[in-house]
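Subject: Structure handover

Hello,

Here is the structure I promised to pass on. Please open it first, then read the notes below it.

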Amino acid sequence: MLPLSHRDVGVRLITKRDAAPLEHLLLDNRSWLEQWEATHPGLLRPLVPGFSLKPAIKNLLHAHRQGTTLPLVITYRDHAVGQLTASGIQYGSLSSAQLGYWISENVAGRGITPVAVALASDYLMRSQGLHRIEICIRPENSASLRVVEKLGFRYEGRRPNYIHIDGRWRDHDSFALTAEDLPQGLLSRYLGATARREV
Ligand SMILES: CC(C)(COP(=O)(O)OP(=O)(O)OC[C@H]1O[C@@H](n2cnc3c(N)ncnc32)[C@H](O)[C@@H]1OP(=O)(O)O)[C@@H](O)C(=O)NCCC(=O)NCCS
């Protein structure tokens with residue numbers, strides 16, 4: 001059940017009260033995040049000073065009520081430091097979700113995201129009954145590629161011009177895990193496989 005945590009890292013459902021702190025983080029991290037952020041073809045960039053995250057959070061919570069999205073905040077020592085969103089959730093014969101994530105540059109490199117991805121994946125598979133978790137990453141995004149490598153996601157192939165990122169359609173590499181890969185769960189497998197214990 002949510003919220004979930006391991007040591008200093010947690011994931012919890014986003015709320016409307018997260019709007020202001022996340023707006024600050026997003027604005028403070030423009031150059032860090034911009035090149036990896038999803039954009040909408042034909043629309044101007046929305047993240048200018050004074051923008052409000054409230055409509056986006058409202059949409060995320062609506063999608064969560066519909067069962068298609070799990071919108072989480074990543075916390076570190078009880079402070080919001082980023083977001084992890086499971087989208088495109090489908091049940092039945094697919095039973096799959098796709099994860100996206102970001103964290104603030106000032107806490108990067110502490111192994112926060114792998115733990116957050118493991119917590120969310122275990123929740124989606126064990127509590128929500130999903131069978132497959134997918135993460136799609138631009139081939140240039142070496143930091144994110146390290147996240148899936150450390151977690152042992154399987155490479156499934158290149159998707160040309162797959163997602164509109166930073167103003168253009170970008171190639172993505174697809175990685176996935178299925179329930180058969182994780183008899184003990186992803187967090188337990190990750191912690192057992194890595195010597196890192198910072199978080
Ligand atoms: C990708 C991202 C979520 C990784 O989060 P994280 O919590 O830092 O993950 P980790 O601590 O496991 O670090 C992953 C890799 O990032 C790199 N890294 C670490 N600190 C870094 C820093 N300050 N700046 C840049 N890269 C850094 C390292 O290669 C690290 O791998 P290592 O553990 O083998 O050294 C984070 O870099 C981020 O938010 N980037 C911008 C948004 C983004 O790319 N989202 C993902 C889109 S698919």
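β3 and strand β4 (residues 79-90) pair in the antiparallel sense, over seven bridges. Strands here (E, at least two residues) and helices (H or I, at least four) are DSSP runs, numbered from the N terminus. Two strands pair if DSSP finds at least two bridges between them. Y76 has H79 in β4 as its bridge partner. Two residues lie between the strands of this hairpin, and R77 takes a positive phi near 50° there.

Two notes on the source. This is a predicted model: local features need pLDDT of at least 70, side-chain atom pairs count only at pLDDT 80 or more, and totals for chains, interfaces and linings use all residues. Residues are numbered from 1 along each chain as its sequence is written.

**The sheet**

β3 (residues 70-76) also pairs with strand β2 (residues 9-13). Five bridges join the two, and they run antiparallel. V11 has I74 in β3 as its bridge partner. Is β3 enclosed or open? Six of its seven residues are buried, so β3 is largely enclosed by the rest of the structure. Buried means 20 or more other C-beta atoms within 10 Å of a residue's own; exposed means 12 or fewer, partly exposed lies in between, and C-beta atoms are placed from the backbone.

β7 pairs with strand β8 (residues 168-178) in the antiparallel sense, over eight bridges. R159 stands opposite H172 in β8.

**The core**

The largest nonpolar core has 48 residues. Such a core is a set of buried Ala, Val, Leu, Ile, Met, Phe, Trp, Tyr and Cys residues joined through C-beta atoms within 7 Å. Those with the most contacts inside it are I74, L84, L99, A116, V117, A120 and L124. α4 brings the largest share, 10 residues. Look at L99. Leaving aside neighbours within four places in sequence, L99 is in contact with L84, A86, V117, A120, I133 and I135. Contact means C-beta atoms, placed from the backbone, within 7 Å.

**Two helices**

α4 packs against helix α6 (residues 186-193) at an angle of about 145°, with the axes 8 Å apart. Axes are lines fitted to C-alpha atoms, for helices over the stretch in contact; angles run from 0 to 180 degrees between N-to-C directions. P114, A118, L119, S121 and D122 in α4 meet L186, L187 and Y190 in α6.

**The ligand**

Which residues come nearest to the ligand? Of the 20 around it, W36, A108, G109, T113 and A143 do. A residue counts as near if its C-beta atom, placed from the backbone, lies within 6 Å. α2 (30-33), β5 (96-103), α4 (112-127) and α5 (142-151) each supply at least two residues of the shell. α5 gives the most, with five.

H40 is found in the loop between α2 and α3 (54-66). H40 is exposed, with 10 other C-beta atoms within 10 Å. The C-alpha atoms of H40 and V9 are separated by 31 Å.

Best wishes

Key:
Two residues are in contact if their C-beta atoms, placed from the backbone, lie within 7 Å.
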